[in-house]
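Here's a quick walk through the strands, the helix packing and the nonpolar core of this one. Have the viewer open while you read.

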Amino acid sequence: MLDDFLTRAVLAGLGLVAATGALGSFVVWRRMAYFGDSTAHAAILGVALSFVLSLPIYLGTWAVAVAMALIVAHLTGRGQSMDTVLGVLAHSALALGLVGVSFVPSLRVGLDAFLFGDILAVTRTDLAWIWAGAGAVLGLLVWRWQRLVTASVNEELAMAAGIDPARERLILSLALALVVAIAIRIVGALLISAMLIVPAAAARGFSATPEGMAGSATVIGAISVLGGLAASLWLDTPAGPSIVTISAIIYVVTLMICRR
Amino acid sequence: MTTLIRATDLSVSHAGADLPVLSHVDFQIRPGEIVTVVGPNGSGKSTLVRALLGHVTLSTGRVERLPGLRIGYVPQRVHIERAMPMTVRRFLSLPRRIGDARAAAALERTGVPGLERRQITALSGGQFQRVLLARALLSDPQLLVLDEPTQGLDQPGIVAFYKLIEEVRAETGAAVLMVSHDLLVVMRASDRVICLNGHICCEGTPQAVSAAPAYRAMFGADAQGTLALYQHHHDHDHDHDHVADGRPDGPACALSH
(Lines give C-alpha, C1' and ligand atoms only; values in the text may rest on other atoms or scores of the structure.)
Protein backbone atom coordinates (compact mmCIF):
# COMPACT_ATOMS: atom_id res chain seq x y z
CA MET A 1 0.00 0.00 0.00
CA LEU A 2 2.88 2.33 0.84
CA ASP A 3 4.24 1.73 -2.65
CA ASP A 4 1.86 4.30 -4.03
CA PHE A 5 3.32 7.82 -3.94
CA LEU A 6 -0.11 9.31 -3.39
CA THR A 7 -0.80 7.11 -0.36
CA ARG A 8 2.54 8.15 1.09
CA ALA A 9 1.74 11.79 0.41
CA VAL A 10 -1.64 11.49 2.17
CA LEU A 11 -0.07 9.77 5.16
CA ALA A 12 2.71 12.36 5.36
CA GLY A 13 0.22 15.22 5.23
CA LEU A 14 -2.07 13.70 7.84
CA GLY A 15 0.93 13.04 10.09
CA LEU A 16 1.95 16.66 9.92
CA VAL A 17 -1.60 17.84 10.53
CA ALA A 18 -1.90 15.63 13.63
CA ALA A 19 0.73 17.86 15.23
CA THR A 20 -0.06 21.25 13.66
CA GLY A 21 -3.72 21.40 14.71
CA ALA A 22 -3.00 21.65 18.43
CA LEU A 23 0.38 23.35 18.16
CA GLY A 24 -0.96 25.88 15.66
CA SER A 25 -3.69 26.79 18.14
CA PHE A 26 -1.03 27.68 20.70
CA VAL A 27 0.81 29.68 18.05
CA VAL A 28 -2.37 31.69 17.45
CA TRP A 29 -3.24 32.10 21.16
CA ARG A 30 0.26 33.19 22.11
CA ARG A 31 0.94 35.31 19.03
CA MET A 32 3.92 33.18 18.06
CA ALA A 33 3.27 33.45 14.32
CA TYR A 34 6.43 35.41 13.61
CA PHE A 35 8.38 33.02 15.81
CA GLY A 36 7.15 30.08 13.74
CA ASP A 37 8.02 31.86 10.52
CA SER A 38 11.50 32.71 11.74
CA THR A 39 12.23 29.19 12.90
CA ALA A 40 11.11 27.90 9.52
CA HIS A 41 13.39 30.30 7.63
CA ALA A 42 16.29 29.28 9.84
CA ALA A 43 15.61 25.68 8.85
CA ILE A 44 17.17 26.34 5.43
CA LEU A 45 20.48 26.63 7.27
CA GLY A 46 19.68 23.23 8.76
CA VAL A 47 19.16 21.79 5.28
CA ALA A 48 22.56 23.10 4.14
CA LEU A 49 24.27 21.76 7.27
CA SER A 50 22.66 18.34 6.83
CA PHE A 51 24.02 18.08 3.30
CA VAL A 52 27.50 19.24 4.29
CA LEU A 53 27.63 16.84 7.25
CA SER A 54 25.71 14.03 5.48
CA LEU A 55 23.02 13.94 8.20
CA PRO A 56 19.35 13.17 7.67
CA ILE A 57 17.83 16.57 6.88
CA TYR A 58 15.36 16.06 9.74
CA LEU A 59 18.20 16.07 12.26
CA GLY A 60 19.92 19.10 10.75
CA THR A 61 16.77 21.22 10.52
CA TRP A 62 15.64 20.15 13.97
CA ALA A 63 19.02 21.03 15.50
CA VAL A 64 19.04 24.47 13.89
CA ALA A 65 15.41 25.10 14.89
CA VAL A 66 16.13 24.09 18.49
CA ALA A 67 19.25 26.28 18.57
CA MET A 68 17.13 29.12 17.26
CA ALA A 69 14.50 28.58 19.97
CA LEU A 70 17.13 28.51 22.72
CA ILE A 71 18.93 31.62 21.45
CA VAL A 72 15.64 33.51 21.16
CA ALA A 73 14.67 32.48 24.71
CA HIS A 74 18.08 33.57 25.99
CA LEU A 75 18.18 36.94 24.22
CA THR A 76 14.59 37.92 25.01
CA GLY A 77 15.27 36.88 28.61
CA ARG A 78 18.03 39.49 28.61
CA GLY A 79 15.52 42.16 27.67
CA GLN A 80 15.96 42.27 23.88
CA SER A 81 12.78 42.88 21.95
CA MET A 82 11.28 39.67 20.55
CA ASP A 83 10.59 41.24 17.15
CA THR A 84 14.16 42.40 16.67
CA VAL A 85 15.75 39.18 17.90
CA LEU A 86 13.57 37.11 15.57
CA GLY A 87 14.21 39.41 12.61
CA VAL A 88 17.96 39.29 13.10
CA LEU A 89 18.17 35.54 13.70
CA ALA A 90 15.70 34.42 11.04
CA HIS A 91 17.20 36.38 8.22
CA SER A 92 20.80 35.77 9.27
CA ALA A 93 20.13 32.05 9.40
CA LEU A 94 18.31 32.13 6.05
CA ALA A 95 21.14 34.10 4.41
CA LEU A 96 23.76 31.81 5.95
CA GLY A 97 21.75 28.80 4.80
CA LEU A 98 21.55 30.09 1.21
CA VAL A 99 25.29 30.80 1.23
CA GLY A 100 25.87 27.30 2.60
CA VAL A 101 23.63 25.78 -0.09
CA SER A 102 25.77 27.38 -2.80
CA PHE A 103 28.65 25.15 -1.68
CA VAL A 104 26.54 22.04 -2.21
CA PRO A 105 26.14 21.75 -6.00
CA SER A 106 23.47 19.04 -5.83
CA LEU A 107 21.32 21.27 -3.62
CA ARG A 108 21.50 24.35 -5.84
CA VAL A 109 19.10 22.74 -8.23
CA GLY A 110 16.88 21.10 -5.62
CA LEU A 111 16.46 23.99 -3.19
CA ASP A 112 12.89 24.56 -4.34
CA ALA A 113 11.95 21.26 -2.72
CA PHE A 114 12.90 22.67 0.66
CA LEU A 115 11.42 26.13 0.15
CA PHE A 116 8.08 24.85 -1.12
CA GLY A 117 8.13 21.20 -0.09
CA ASP A 118 7.70 18.12 -2.20
CA ILE A 119 5.07 15.99 -0.53
CA LEU A 120 4.68 13.77 -3.60
CA ALA A 121 8.29 12.63 -3.22
CA VAL A 122 8.22 11.46 0.40
CA THR A 123 9.72 8.04 0.99
CA ARG A 124 8.95 5.40 3.60
CA THR A 125 11.85 6.73 5.65
CA ASP A 126 10.40 10.23 5.46
CA LEU A 127 7.09 8.83 6.66
CA ALA A 128 8.76 7.24 9.66
CA TRP A 129 10.44 10.55 10.59
CA ILE A 130 7.25 12.53 10.07
CA TRP A 131 5.04 10.24 12.16
CA ALA A 132 7.65 9.88 14.91
CA GLY A 133 8.04 13.67 15.09
CA ALA A 134 4.32 14.34 15.00
CA GLY A 135 3.73 11.66 17.65
CA ALA A 136 6.35 13.25 19.89
CA VAL A 137 4.82 16.72 19.51
CA LEU A 138 1.30 15.48 20.12
CA GLY A 139 2.43 13.44 23.14
CA LEU A 140 4.22 16.45 24.60
CA LEU A 141 1.18 18.68 24.15
CA VAL A 142 -1.28 16.17 25.61
CA TRP A 143 1.00 15.46 28.56
CA ARG A 144 1.32 19.12 29.51
CA TRP A 145 -2.03 20.32 28.16
CA GLN A 146 -3.50 21.85 31.33
CA ARG A 147 -0.27 23.66 32.17
CA LEU A 148 0.23 24.93 28.64
CA VAL A 149 -3.34 26.23 28.42
CA THR A 150 -3.15 27.88 31.85
CA ALA A 151 0.17 29.55 31.02
CA SER A 152 -1.29 30.74 27.71
CA VAL A 153 -4.33 32.24 29.43
CA ASN A 154 -2.37 34.24 32.00
CA GLU A 155 1.16 33.86 33.28
CA GLU A 156 0.39 35.26 36.74
CA LEU A 157 -2.42 32.75 37.24
CA ALA A 158 -0.10 29.99 36.07
CA MET A 159 2.67 31.01 38.47
CA ALA A 160 0.22 31.10 41.37
CA ALA A 161 -0.61 27.47 40.53
CA GLY A 162 3.05 26.50 40.61
CA ILE A 163 3.49 26.47 36.83
CA ASP A 164 6.66 28.01 35.42
CA PRO A 165 5.55 29.99 32.33
CA ALA A 166 9.12 30.18 30.98
CA ARG A 167 9.35 26.39 30.97
CA GLU A 168 6.03 26.00 29.17
CA ARG A 169 7.13 28.59 26.60
CA LEU A 170 10.33 26.63 26.01
CA ILE A 171 8.38 23.40 25.59
CA LEU A 172 6.23 25.02 22.91
CA SER A 173 9.37 26.32 21.19
CA LEU A 174 10.88 22.84 21.15
CA ALA A 175 7.64 21.37 19.80
CA LEU A 176 7.65 24.05 17.12
CA ALA A 177 11.22 23.15 16.18
CA LEU A 178 10.14 19.53 15.75
CA VAL A 179 7.20 20.51 13.56
CA VAL A 180 9.42 22.67 11.38
CA ALA A 181 11.78 19.74 10.94
CA ILE A 182 9.05 17.33 9.84
CA ALA A 183 7.17 19.87 7.72
CA ILE A 184 10.07 21.00 5.57
CA ARG A 185 9.73 18.04 3.20
CA ILE A 186 5.97 18.43 3.01
CA VAL A 187 5.11 22.10 2.59
CA GLY A 188 8.59 23.64 2.67
CA ALA A 189 10.20 26.34 4.79
CA LEU A 190 8.08 29.15 3.36
CA LEU A 191 4.68 27.59 4.04
CA ILE A 192 5.22 25.81 7.37
CA SER A 193 3.72 28.59 9.44
CA ALA A 194 0.72 28.66 7.11
CA MET A 195 -0.03 25.06 8.12
CA LEU A 196 0.17 26.13 11.76
CA ILE A 197 -1.82 29.33 11.59
CA VAL A 198 -4.43 29.08 8.84
CA PRO A 199 -6.34 25.98 10.08
CA ALA A 200 -6.24 27.27 13.67
CA ALA A 201 -7.48 30.69 12.59
CA ALA A 202 -10.29 29.05 10.62
CA ALA A 203 -11.23 26.91 13.63
CA ARG A 204 -11.43 29.93 15.96
CA GLY A 205 -14.72 31.13 14.50
CA PHE A 206 -16.80 28.16 15.63
CA SER A 207 -14.91 26.93 18.70
CA ALA A 208 -16.03 27.44 22.29
CA THR A 209 -13.06 25.93 24.13
CA PRO A 210 -9.31 25.52 23.57
CA GLU A 211 -9.78 21.78 23.04
CA GLY A 212 -12.54 22.39 20.52
CA MET A 213 -10.32 24.76 18.58
CA ALA A 214 -7.37 22.36 18.56
CA GLY A 215 -9.62 19.52 17.36
CA SER A 216 -11.31 21.59 14.67
CA ALA A 217 -7.95 22.90 13.47
CA THR A 218 -6.77 19.31 13.09
CA VAL A 219 -9.87 18.38 11.07
CA ILE A 220 -9.54 21.48 8.87
CA GLY A 221 -5.87 20.66 8.35
CA ALA A 222 -6.77 17.10 7.31
CA ILE A 223 -9.41 18.35 4.86
CA SER A 224 -6.82 20.74 3.43
CA VAL A 225 -4.31 17.95 2.93
CA LEU A 226 -6.84 15.74 1.15
CA GLY A 227 -8.31 18.60 -0.87
CA GLY A 228 -4.90 20.02 -1.74
CA LEU A 229 -3.57 16.67 -2.94
CA ALA A 230 -6.72 16.08 -4.99
CA ALA A 231 -6.43 19.53 -6.55
CA SER A 232 -2.78 18.96 -7.24
CA LEU A 233 -3.61 15.68 -9.00
CA TRP A 234 -6.44 17.01 -11.15
CA LEU A 235 -5.19 20.51 -11.86
CA ASP A 236 -1.49 19.65 -11.88
CA THR A 237 -0.74 22.35 -9.31
CA PRO A 238 2.14 22.18 -6.79
CA ALA A 239 1.00 20.06 -3.82
CA GLY A 240 2.26 22.08 -0.81
CA PRO A 241 0.85 25.42 -1.97
CA SER A 242 -2.42 23.70 -2.98
CA ILE A 243 -2.84 22.36 0.57
CA VAL A 244 -2.32 25.83 2.01
CA THR A 245 -4.71 27.31 -0.55
CA ILE A 246 -7.49 24.94 0.51
CA SER A 247 -6.84 25.96 4.14
CA ALA A 248 -7.09 29.60 3.18
CA ILE A 249 -10.38 29.01 1.36
CA ILE A 250 -11.81 27.25 4.44
CA TYR A 251 -10.66 30.21 6.54
CA VAL A 252 -12.48 32.69 4.30
CA VAL A 253 -15.63 30.55 4.33
CA THR A 254 -15.68 30.27 8.14
CA LEU A 255 -15.05 34.01 8.36
CA MET A 256 -18.18 34.61 6.33
CA ILE A 257 -20.31 32.08 8.19
CA CYS A 258 -19.22 32.78 11.78
CA ARG A 259 -19.30 36.48 12.41
CA ARG A 260 -17.75 36.65 15.85
CA MET B 1 -1.45 32.95 66.92
CA THR B 2 -0.52 31.36 63.62
CA THR B 3 0.56 33.52 60.74
CA LEU B 4 -0.29 32.59 57.14
CA ILE B 5 2.49 34.59 55.54
CA ARG B 6 5.28 36.40 57.30
CA ALA B 7 7.76 38.56 55.41
CA THR B 8 10.79 40.00 57.11
CA ASP B 9 13.02 42.79 55.81
CA LEU B 10 11.73 42.30 52.26
CA SER B 11 13.47 44.25 49.49
CA VAL B 12 12.97 43.89 45.74
CA SER B 13 14.89 45.62 42.96
CA HIS B 14 14.08 45.47 39.26
CA ALA B 15 16.97 44.91 36.88
CA GLY B 16 18.43 48.21 35.71
CA ALA B 17 16.51 50.39 38.17
CA ASP B 18 18.44 52.60 40.59
CA LEU B 19 16.03 52.58 43.49
CA PRO B 20 14.60 49.39 44.93
CA VAL B 21 10.88 48.97 44.31
CA LEU B 22 10.43 47.78 47.86
CA SER B 23 12.84 48.30 50.71
CA HIS B 24 12.88 46.57 54.06
CA VAL B 25 9.20 45.75 54.30
CA ASP B 26 7.91 43.64 57.17
CA PHE B 27 4.52 42.07 56.66
CA GLN B 28 2.31 39.42 58.11
CA ILE B 29 -1.24 38.26 57.72
CA ARG B 30 -3.19 36.09 60.13
CA PRO B 31 -6.13 33.75 59.48
CA GLY B 32 -9.40 35.52 58.77
CA GLU B 33 -7.90 39.01 58.53
CA ILE B 34 -8.74 41.47 55.73
CA VAL B 35 -5.62 43.49 54.99
CA THR B 36 -5.55 46.18 52.33
CA VAL B 37 -2.46 47.68 50.76
CA VAL B 38 -2.92 51.22 49.46
CA GLY B 39 -0.39 53.52 47.86
CA PRO B 40 0.21 55.67 44.78
CA ASN B 41 1.11 54.24 41.37
CA GLY B 42 4.59 52.76 41.36
CA SER B 43 4.63 52.38 45.13
CA GLY B 44 5.35 48.67 44.87
CA LYS B 45 1.91 47.33 45.81
CA SER B 46 1.78 44.66 43.14
CA THR B 47 5.44 43.85 43.67
CA LEU B 48 4.73 43.25 47.35
CA VAL B 49 1.92 40.85 46.45
CA ARG B 50 4.07 39.04 43.90
CA ALA B 51 6.94 38.80 46.37
CA LEU B 52 4.64 37.31 49.01
CA LEU B 53 3.47 34.74 46.46
CA GLY B 54 7.06 33.93 45.55
CA HIS B 55 6.85 35.22 41.95
CA VAL B 56 9.79 37.64 42.17
CA THR B 57 13.36 37.34 43.36
CA LEU B 58 14.10 39.09 46.63
CA SER B 59 17.20 41.19 47.09
CA THR B 60 16.97 41.06 50.87
CA GLY B 61 14.79 39.41 53.47
CA ARG B 62 12.64 36.35 53.33
CA VAL B 63 9.05 35.22 53.04
CA GLU B 64 7.71 32.38 55.14
CA ARG B 65 4.43 30.82 54.11
CA LEU B 66 2.55 28.40 56.29
CA PRO B 67 3.42 24.94 54.94
CA GLY B 68 0.72 23.80 52.52
CA LEU B 69 -0.93 27.22 52.52
CA ARG B 70 -3.78 27.31 49.98
CA ILE B 71 -3.89 30.66 48.20
CA GLY B 72 -6.61 31.86 45.84
CA TYR B 73 -5.18 34.56 43.59
CA VAL B 74 -6.86 37.18 41.42
CA PRO B 75 -4.10 38.99 39.53
CA GLN B 76 -4.24 42.54 38.29
CA ARG B 77 -5.61 43.15 34.79
CA VAL B 78 -6.15 39.62 33.58
CA HIS B 79 -6.45 39.86 29.85
CA ILE B 80 -7.65 36.91 27.83
CA GLU B 81 -6.72 36.94 24.17
CA ARG B 82 -9.74 37.03 21.91
CA ALA B 83 -7.90 34.49 19.78
CA MET B 84 -8.44 31.94 22.53
CA PRO B 85 -11.95 30.51 22.83
CA MET B 86 -12.71 29.98 26.50
CA THR B 87 -16.01 29.36 28.22
CA VAL B 88 -16.45 30.29 31.85
CA ARG B 89 -16.85 26.61 32.67
CA ARG B 90 -13.58 25.65 30.98
CA PHE B 91 -11.78 28.57 32.64
CA LEU B 92 -12.81 27.34 36.08
CA SER B 93 -11.08 24.02 35.30
CA LEU B 94 -7.66 25.66 34.95
CA PRO B 95 -5.24 24.40 36.03
CA ARG B 96 -7.10 21.63 37.89
CA ARG B 97 -10.18 20.06 36.43
CA ILE B 98 -13.24 20.32 38.66
CA GLY B 99 -16.73 18.85 38.56
CA ASP B 100 -19.81 20.67 37.22
CA ALA B 101 -21.42 20.87 40.65
CA ARG B 102 -18.43 22.64 42.20
CA ALA B 103 -18.20 25.02 39.26
CA ALA B 104 -21.89 25.90 39.54
CA ALA B 105 -21.60 26.39 43.31
CA ALA B 106 -18.61 28.69 42.95
CA LEU B 107 -20.39 30.86 40.40
CA GLU B 108 -23.50 30.94 42.57
CA ARG B 109 -21.38 31.99 45.57
CA THR B 110 -19.88 34.96 43.73
CA GLY B 111 -23.23 36.11 42.37
CA VAL B 112 -22.89 35.07 38.74
CA PRO B 113 -24.84 31.79 38.54
CA GLY B 114 -25.45 30.11 35.20
CA LEU B 115 -22.66 31.78 33.25
CA GLU B 116 -20.94 28.46 32.49
CA ARG B 117 -21.46 28.42 28.74
CA ARG B 118 -20.66 32.08 28.13
CA GLN B 119 -17.38 33.09 26.51
CA ILE B 120 -15.00 34.83 28.93
CA THR B 121 -14.38 37.62 26.45
CA ALA B 122 -18.12 38.33 26.26
CA LEU B 123 -18.45 39.04 30.00
CA SER B 124 -18.77 42.52 31.48
CA GLY B 125 -15.95 43.75 33.70
CA GLY B 126 -17.93 43.04 36.85
CA GLN B 127 -18.93 39.55 35.75
CA PHE B 128 -15.36 38.73 34.81
CA GLN B 129 -14.01 39.83 38.21
CA ARG B 130 -16.61 37.61 39.88
CA VAL B 131 -15.64 34.68 37.68
CA LEU B 132 -11.99 35.25 38.62
CA LEU B 133 -13.00 35.28 42.27
CA ALA B 134 -15.05 32.09 41.80
CA ARG B 135 -12.02 30.40 40.28
CA ALA B 136 -9.83 31.58 43.16
CA LEU B 137 -12.31 30.11 45.66
CA LEU B 138 -12.22 26.66 44.05
CA SER B 139 -8.97 25.74 45.77
CA ASP B 140 -10.74 26.28 49.11
CA PRO B 141 -8.16 28.94 49.99
CA GLN B 142 -6.99 29.93 53.45
CA LEU B 143 -5.86 33.21 51.91
CA LEU B 144 -7.39 35.18 49.06
CA VAL B 145 -5.04 37.57 47.30
CA LEU B 146 -6.71 40.22 45.13
CA ASP B 147 -4.64 42.72 43.18
CA GLU B 148 -6.83 45.73 42.33
CA PRO B 149 -9.88 43.53 41.86
CA THR B 150 -12.24 46.39 41.10
CA GLN B 151 -10.33 48.03 38.30
CA GLY B 152 -12.71 49.11 35.58
CA LEU B 153 -15.85 48.73 37.70
CA ASP B 154 -18.24 51.60 38.33
CA GLN B 155 -18.92 52.86 41.85
CA PRO B 156 -21.92 50.60 42.63
CA GLY B 157 -19.96 47.68 41.18
CA ILE B 158 -17.04 48.44 43.47
CA VAL B 159 -19.21 48.64 46.57
CA ALA B 160 -20.98 45.39 45.66
CA PHE B 161 -17.67 43.63 45.03
CA TYR B 162 -16.23 44.55 48.43
CA LYS B 163 -19.46 43.49 50.08
CA LEU B 164 -19.05 40.14 48.37
CA ILE B 165 -15.47 39.85 49.65
CA GLU B 166 -16.66 40.46 53.21
CA GLU B 167 -19.37 37.82 52.80
CA VAL B 168 -16.86 35.31 51.46
CA ARG B 169 -14.57 35.99 54.38
CA ALA B 170 -17.40 35.57 56.87
CA GLU B 171 -18.49 32.33 55.24
CA THR B 172 -15.16 30.64 54.56
CA GLY B 173 -12.97 32.24 57.21
CA ALA B 174 -10.34 32.92 54.54
CA ALA B 175 -7.95 35.77 55.16
CA VAL B 176 -7.96 38.42 52.42
CA LEU B 177 -5.06 40.48 51.14
CA MET B 178 -6.11 43.22 48.75
CA VAL B 179 -4.34 45.88 46.78
CA SER B 180 -6.57 48.81 46.02
CA HIS B 181 -6.99 52.31 44.73
CA ASP B 182 -10.54 52.65 46.03
CA LEU B 183 -9.62 54.36 49.26
CA LEU B 184 -13.07 55.27 50.43
CA VAL B 185 -14.72 51.91 50.05
CA VAL B 186 -11.89 49.55 50.64
CA MET B 187 -10.84 50.96 53.93
CA ARG B 188 -14.23 50.32 55.42
CA ALA B 189 -14.02 46.69 54.47
CA SER B 190 -10.56 46.19 55.98
CA ASP B 191 -9.34 45.11 59.40
CA ARG B 192 -5.93 46.55 58.74
CA VAL B 193 -4.58 48.97 56.14
CA ILE B 194 -0.99 49.20 54.98
CA CYS B 195 0.04 52.39 53.33
CA LEU B 196 2.92 51.66 51.00
CA ASN B 197 5.33 53.84 49.08
CA GLY B 198 8.42 51.73 48.50
CA HIS B 199 8.40 51.11 52.22
CA ILE B 200 5.60 50.90 54.75
CA CYS B 201 4.62 54.47 55.58
CA CYS B 202 1.97 53.64 58.09
CA GLU B 203 -0.23 50.74 58.97
CA GLY B 204 -3.00 49.97 61.37
CA THR B 205 -6.75 50.04 61.63
CA PRO B 206 -8.52 52.09 58.95
CA GLN B 207 -9.28 54.93 61.35
CA ALA B 208 -5.72 55.06 62.64
CA VAL B 209 -4.30 55.13 59.12
CA SER B 210 -6.74 57.66 57.74
CA ALA B 211 -5.69 60.02 60.53
CA ALA B 212 -1.97 59.45 60.02
CA PRO B 213 0.00 62.40 58.65
CA ALA B 214 1.93 60.13 56.25
CA TYR B 215 -1.29 58.84 54.73
CA ARG B 216 -2.78 62.30 54.43
CA ALA B 217 0.37 63.65 52.85
CA MET B 218 0.26 60.86 50.30
CA PHE B 219 -3.37 61.04 49.28
CA GLY B 220 -4.14 64.70 49.93
CA ALA B 221 -7.75 65.59 49.39
CA ASP B 222 -8.82 61.97 48.95
CA ALA B 223 -7.50 61.27 52.41
CA GLN B 224 -9.64 64.01 53.88
CA GLY B 225 -12.61 62.34 52.28
CA THR B 226 -11.69 58.97 53.72
CA LEU B 227 -11.24 60.39 57.16
CA ALA B 228 -14.57 62.17 57.04
CA LEU B 229 -16.30 59.11 55.68
CA TYR B 230 -14.62 56.83 58.11
CA GLN B 231 -15.51 58.96 61.09
CA HIS B 232 -19.05 59.28 59.85
CA HIS B 233 -19.23 55.53 59.44
CA HIS B 234 -17.66 55.06 62.83
CA ASP B 235 -20.08 57.42 64.60
CA HIS B 236 -22.97 55.34 63.46
CA ASP B 237 -21.55 51.91 63.93
CA HIS B 238 -21.93 51.01 67.55
CA ASP B 239 -20.80 47.40 67.44
CA HIS B 240 -17.47 48.42 66.14
CA ASP B 241 -14.84 46.67 68.14
CA HIS B 242 -11.63 47.66 66.43
CA VAL B 243 -8.74 48.47 68.65
CA ALA B 244 -6.58 51.25 67.29
CA ASP B 245 -3.31 49.42 67.38
CA GLY B 246 -1.74 51.08 64.38
CA ARG B 247 1.47 52.99 64.07
CA PRO B 248 0.09 56.23 62.70
CA ASP B 249 3.39 58.07 62.79
CA GLY B 250 5.47 56.41 60.12
CA PRO B 251 8.06 58.34 58.12
CA ALA B 252 6.46 60.96 55.94
CA CYS B 253 6.22 59.29 52.57
CA ALA B 254 5.60 62.33 50.49
CA LEU B 255 8.88 63.79 51.69
CA SER B 256 11.07 60.75 51.33
CA HIS B 257 10.17 60.09 47.68
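For what follows, two strands count as paired if DSSP finds at least two bridges between them. Keep in mind that this is a predicted model.

With that in hand, take β3 (residues 34-38) and β7 (residues 175-179) of chain B: they run parallel to each other and share four bridges.

What order do the strands of the open sheet in chain B take? Reading across, you get β5-β6-β7-β3-β8-β9, six strands with mixed pairing. The edges are β5 (71-74) and β9 (200-204) of chain B; each has a single partner strand, so one side of each has no neighbour in the sheet. Going from one strand to the next, the twist averages 15°. Helix α4 (residues 125-137) of chain B packs on this sheet, where it touches β5 and β6 (143-147) of chain B. The direction of α4(B) makes about 165° with that of β5(B).

Chain B has other strand pairings too. Strand β1 (residues 5-12) of chain B pairs with β2 (residues 22-29) of chain B in the antiparallel sense, and β1(B) also pairs antiparallel with β4 (residues 60-65) of chain B.

| Strands | Sense | Bridges |
|---|---|---|
| β3(B) and β7(B) | parallel | four bridges |
| β1(B) and β2(B) | antiparallel | five bridges |
| β1(B) and β4(B) | antiparallel | five bridges |

Stepping back to the whole of chain B, the tally is ten helices and nine strands. Of its 257 residues, 45% are buried. As for contacts in chain B with a separation of 6 or more, 70% of them join residues 24 or more positions apart.

Now for the core. Which residues have the most contacts inside the largest nonpolar core? They are A:Leu23, A:Val180 and B:Cys195, in a core of 160 residues. Helix α1 (residues 5-29) of chain A gives the most to this core, namely eleven residues. A:Leu23 is worth a look by itself: setting aside neighbours within four places in sequence, A:Leu23 is in contact with A:Val137, A:Leu141, A:Ala175, A:Leu176, A:Val179 and A:Leu196.

How values were computed. Residues are numbered from 1 along each chain as its sequence is written. Chains are lettered from A and ligands numbered from 1 in the order in which they are written. This is a predicted model: local features need pLDDT of at least 70, side-chain atom pairs count only at pLDDT 80 or more; totals for chains, interfaces and linings use all residues. Helices (H or I, at least four residues) and strands (E, at least two) are DSSP runs, numbered from the N terminus. Axes are lines fitted to C-alpha atoms, for helices over the stretch in contact, and angles run from 0 to 180 degrees between N-to-C directions. Two residues are in contact if their C-beta atoms, placed from the backbone, lie within 7 Å. A nonpolar core is a set of buried Ala, Val, Leu, Ile, Met, Phe, Trp, Tyr and Cys residues joined through C-beta atoms within 7 Å. A residue is buried if 20 or more other C-beta atoms lie within 10 Å of its own, exposed if 12 or fewer, and partly exposed in between; C-beta atoms are placed from the backbone.
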